[in-house]
Amino acid sequence: MKEMRLMDIFWKESVWLPPNMTWKDVQPTKEGIYTEFSDLLYPLPIAVFFLILKHICEKNFFKPLGLSFGIKDSKHLKPSTNEVLEMEYHSLEKSREYECDFKQLTRQLNMTERQIQYWLKRRKLYGKPSTLTKFCESGWRWLYYSMSFMYGLVCLWDKTWFNNIRHCWYNYPHHDVPLEIWWYYMVELGYYWSLFISQFSDVKRKDFVEMFIHHSITISLLCCSWTCNLHRAGTLVLLIHDFADIFLESAKMAHYAKLSTLCDCIFAFFTVSWITTRLAIFPAWILYSAIVEAPQLVQMFPAYYIFNALLSVLLVLHVIWTYYILKIPYKTFVVKEKMKDSRSDSDLTESEDT
């Protein structure tokens, strides 16, 4: 009985639907197909499928491709045991301000400074993924984002809300879900579930916390929008988010393959596309419509505010990542450092991998 009461409170119509609306009003009928909460179970087996497909594609396609570019499939071996240098390594890991006293270490260990630096470098690389592994992971994400964006564009091209975003709110919540849109949502949600799972085993990233929050927010946003039948706005968010990531992953692949000129060109296009989609189109088109235009056409309800709050958190993450992205050309052309992806590359620079 207590569980039933909690479920009744959770699924209270005044929370999830506009005023004077009931769940019966948005149940599937002969005239139209609406979203159902039970549909959100389908992405879970889709996520498992993506994890299997990821392994197959990386092993059978992207690994041979990486090898053909001359990327070595080398594992980082652990250096010889040295308790003194092991303590120095952990001190360096704990604090970036810590500096080794090489003169004292050379006397204590009867090693040259170059030998000590080489030992510490090998110790840092030990257990880290190889360049080929990172190339394969980027290749898989590039493949997915490319296919997903093209499929989404085909699905949305003739939809009224793609040409006029106000149709996301007209006659809400009585919006049918076309079959192609149903699949688009389920596949995207399945993919983000697979990312959420694989992030713990994939290459460690500097922005792990931000990516963890991003995947959590994206999954919550998709589930919330599907439950509230806000799938029209959700599809627009998905489409513009996939576009820039295509060029991010292809730039990283070129970087790992040491195709510097190609990497620079793609990265420049990625930066422009990222700022255009994430900091211009997303807030000025989607977020503005959801916050300003929607209240003029739809009676507000609690779940709608949750939806807008999740969109706002995404925008904050976009601003943080833009800072990381713009640091790359700044360091490359102003500070004259070697270019690397500070937004989503691993903690090691490419020079440390070679």
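Me: Are H12 and H13 roughly parallel or roughly antiparallel to each other?
Reply: This is a predicted model, in which local features need pLDDT of at least 70 and side-chain atom pairs count only at pLDDT 80 or more, while totals for chains, interfaces and linings use all residues. Helix H12 (residues 260–297) packs on helix H13 (residues 302–333) at an angle of about 160°, the axes being 10 Å apart. Axes are lines fitted to C-alpha atoms, for helices over the stretch in contact, with angles from 0 to 180 degrees between N-to-C directions; under 35 degrees counts as roughly parallel, over 145 as roughly antiparallel, 65 to 115 as roughly perpendicular and the rest as oblique. H12 and H13 are therefore roughly antiparallel.

Me: What is the handedness of the crossing in which H12 passes H13?
Reply: A crossing is left-handed if the near helix is turned anticlockwise from the far one by less than a right angle, and right-handed if clockwise. H12 passes H13 in a crossing that is left-handed.

Me: How many helices does the secondary structure of the protein come to?
Reply: Residues are numbered from 1 along each chain as its sequence is written, and side-chain values use heavy atoms, with hydrogens and water left out. Helices (H or I, at least four residues) and strands (E, at least two) are DSSP runs, numbered from the N terminus. The protein has zero strands, and its helices come to 14.

Me: At roughly what angle do the axes of H10 and H13 cross?
Reply: Residues of H10 that meet H13 include Ile-213, Ile-217 and Leu-221, and their partners in H13 include Leu-310, Leu-314 and Trp-321. H10 passes H13 in a left-handed crossing. The axes of H10 (residues 208–227) and H13 come within 10 Å and cross at roughly 150°.

Me: Which side chain of opposite charge is nearest to Asp-242?
Reply: Asp-242 is found in helix H11 (residues 231–256), and is buried (under 20% relative accessible area, with exposed over 50% and partly exposed in between, for a 1.4 Å probe and protein chains only). Lys and Arg count as positive and Asp and Glu as negative, with His and the chain ends not counted; a salt bridge is a side-chain nitrogen of Lys or Arg within 4 Å of a carboxyl oxygen of Asp or Glu. Beyond four places in sequence, Asp-242 touches (heavy atoms within 4.5 Å) residues including Tyr-145, Tyr-184 and Glu-188. Asp-242 has no salt bridge, and the nearest side chain of opposite charge, 6.6 Å away, is that of Arg-278.

Me: How many residues apart in sequence are Val-177 and Thr-35?
Reply: Val-177 lies in the loop between helix H8 (160–163) and helix H9 (179–198), and is buried at a relative accessible area of 6%. Among its contacts beyond four places in sequence are Ile-33, Thr-35, Trp-226 and Asn-229. Val-177 and Thr-35 are 6.8 Å apart in space, C-alpha to C-alpha, and their separation in sequence is 142 residues.

Me: Which residue is joined to Tyr-172 by a cis peptide bond?
Reply: The loop between H8 and H9 also holds Pro-173. With omega about 10°, the cis peptide bond joins Tyr-172 to Pro-173.

Me: What is the relative accessible area of Asn-229?
Reply: Asn-229 lies in the loop between H10 and H11. Its phi is near 65°, a positive value in a residue other than glycine. Asn-110 also has a positive phi, about 60°, but counts as exposed at 71% relative accessibility. Asn-229 is buried, with a relative accessible area of 3%.
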